[in-house]
Amino acid sequence: MEQLHKTKAIQKAIIQKQYSVYYQPKIEKQTRKIIGAEALMRLKVESDIVFPFEFINEVIHLGKMAEMQAYLFKEVVEKLNSETLIHKEFSISVNMNAEDLVNEPYIEEISMKLKKELLNPTQLELEITEKKEIVNLMKAQKNVTKLKELEIKLSLDDFGKGYSSLAYLKAFPIDTLKIDQSFIQEALVSWKTQEIIRAIIQLSHNLNIKVVAEGVETIEQLQFLDDLGCDIYQGFYFDAAIPFSQLKEKWLEDKKGNSLIN
């Protein structure tokens, strides 16, 4: 009965659009300062904040995925257009399912909306997340070209986890590659994982692609990645996903040279 109540409460919150967007900071290796953030959806269910793994299936079940994505884009565009974040080095990333890249009407809608509303498209980064295999890679390439014409950055998320990662790396004009956190978690206990991470970073740099390590939780992991030349970090060692007001405070402190980051 308790689970049934929670499910109904989640469905009600989705229908009422009780969404909020949290932002997990991205930290530059050299300066240890915030250079951007990943926008992550949350859902307010009664008095609780619920994470996507708890509500995403209900979003799909209710046919509200497009609505939720629109909410996320609107929120991010609004924040990027705010005076505080008009700074060419700061960017916010938004997840996009790889299979959506073949949805031409969807890509066209996003392109038109961003072209009309986003003041500085270079501050937006789309993180391609593989849920299903892209069945028409040529069509996806065509649609990606439309997005890149707007000067939007493109990131390959969860690299190493999906079986098509190398194909996407070859097919798309990737700006940033994000190593899947499962590799980071195993980095200090598996020499094979260490060599895989080393190879990913070297390959990316050879292709002029920046590397983000997600899921960094300890100083030992950070030092290991520093030694390999990883460019950007994201994880609980620095900060969890936080409300925009807190992100703005930390970023402004960074600009003043009084970093709140460890």
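**Strands, buried polar residues and the core**

User: How many bridges join strand 1 to strand 2, and what makes the two strands a pair?

Analyst: Strand 1 and strand 2 (residues 34–45) run antiparallel and are joined by 9 bridges; two strands pair if DSSP finds at least two bridges between them, so strand 1 and strand 2 are a pair. This is a predicted model, in which local features need pLDDT of at least 70 and side-chain atom pairs count only at pLDDT 80 or more, while totals for chains, interfaces and linings use all residues. Residues are numbered from 1 along each chain as its sequence is written, and side-chain values use heavy atoms, with hydrogens and water left out. In the hairpin of strand 1 and strand 2, 5 residues lie between the strands, and R32 takes a positive phi near 60°.

User: What makes strand 9 a partner of strand 1, and which residue stands opposite E28?

Analyst: Strand 1 is joined to strand 9 (residues 232–234) by 2 bridges, and these strands run antiparallel; the rule asks for at least two, so this pair qualifies as well. Opposite E28 stands I232, which belongs to strand 9. Strands here are DSSP runs of E with at least two residues, helices are runs of H or I with at least four, and both are numbered from the N terminus. Counted in this way, the protein chain has 10 helices and 9 strands.

User: Why is the protein chain called as compact as a globular protein of its length?

Analyst: Its radius of gyration is 19 Å, close to the 18 Å that the globule rule gives for 262 residues, so the chain is as compact as a globular protein of that length. The radius is taken over C-alpha atoms, and the rule is 2.2 Å times the number of residues to the power 0.38. Along the principal axes, the C-alpha atoms fill a box of roughly 50 × 45 × 45 Å.

User: Why is K26 called buried, and where does K26 lie?

Analyst: K26 has 6% relative accessibility, and buried means under 20% relative accessible area, with exposed over 50% and partly exposed in between (1.4 Å probe, protein chains only), so K26 counts as buried. K26 lies in strand 1 (residues 19–28), and its bridge partner in strand 2 is G36. Strand 1 has 8 of its 10 residues buried, so the rest of the structure largely encloses this strand. Across the protein chain, buried residues make up 46% of the 262 residues.

User: How do you know that the side chains of K26 and S93 make a polar contact?

Analyst: Their side chains are joined at 3.0 Å, and a polar contact is a pair of N or O atoms within 3.5 Å, where, within protein, one atom must be able to donate a hydrogen and the other to accept it, and residues adjacent in sequence count only if both atoms are side-chain atoms. The distance between K26 and S93 falls inside that limit, so the pair counts. The side chain of K26 also makes a polar contact with the side chain of E125, at 3.2 Å.

User: Why is E125 called buried, and which residues does E125 touch?

Analyst: At 4% relative accessibility, E125 is under the limit for buried residues, so E125 counts as buried. E125 lies in strand 5 (residues 124–129). Contact means heavy atoms within 4.5 Å, and E125 touches K26, I92, S93, V94, K153, L154, S155 and T176, not counting residues up to four places away in sequence. Of these, T176 makes a side-chain polar contact with E125 at 3.0 Å, whereas L154, 29 residues apart from E125 along the chain, has its C-alpha atom 5.5 Å from that of E125.

User: What makes a nonpolar core, and which residues have the most contacts inside the largest one?

Analyst: A nonpolar core is a set of buried Ala, Val, Leu, Ile, Met, Phe, Trp, Tyr and Cys residues joined through side-chain atoms within 4.5 Å. The largest has 74 residues, and those with the most contacts inside it are L101, L124, F172 and I197. Not counting residues up to four places away in sequence, I197 touches I179, F183, I184, A187, F224, L225 and L228.
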